[in-house]
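Trainee: I am new to this structure. Could you take me through it, term by term?

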Amino acid sequence: MKAEIEAKKVAFVFSQGPHGTSAGREGLDALLATSALSENIGVFFVADGVLQLLPGQQPEKILARNYIATYGVLPLYDVEKCFLCKASASDRGLVEFDDWVLDVETLSPELLRQKLSNYQVILTF
């Protein structure tokens, strides 16, 4: 099983905001579990998924679990290919923002799609 996963490049695409659904938390859990089996992982933040990386969120105020800071430990799991859609950030008034909880490479939608096309498995959360 490990050899099969290692042979494939796996992309995790976060497209939903951090609150209102459990998609972000579940995606992060799946990402961390997959990182134990593969080093060929890419992480993409698009649409409302860019909001996953905003620091200073207070989910406890809406009785939600705080998992946002966990993105910051991804490099410890050898997950270093992280990309953020520039247009998505701009659409949400974050074009000049650069203090994300994770180091990400900001790309145009075209370049982001190009990078994503290099992955054989794409999981969307």
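Mentor: Start with contacts, meaning heavy atoms within 4.5 Å. Among those in the chain with a separation of 6 or more, 77% join residues 24 or more positions apart. Keep in mind that the model is predicted: local features need pLDDT of at least 70, side-chain atom pairs count only at pLDDT 80 or more, and totals for chains, interfaces and linings use all residues. Residues are numbered from 1 along each chain as its sequence is written, and side-chain values use heavy atoms, with hydrogens and water left out.

Trainee: Why is S38 called buried?

Mentor: Buried means under 20% relative accessible area, exposed over 50%, partly exposed in between (1.4 Å probe, protein chains only). S38 has 4%, so S38 counts as buried. Of the 125 residues of the chain, 40% count as buried.

Trainee: Where is S38 placed?

Mentor: S38 is in the loop between α2 (23–35) and β2 (41–45). Helices (H or I, at least four residues) and strands (E, at least two) are DSSP runs, numbered from the N terminus. The chain has four helices and five strands.

Trainee: What makes a nonpolar core?

Mentor: It is a set of buried Ala, Val, Leu, Ile, Met, Phe, Trp, Tyr and Cys residues, joined through side-chain atoms within 4.5 Å. The largest one here has 24 residues, and L31 and F45 have the most contacts inside it. The largest share of this core, four residues, comes from α2. A second, separate core has ten residues, including A11 and Y119.
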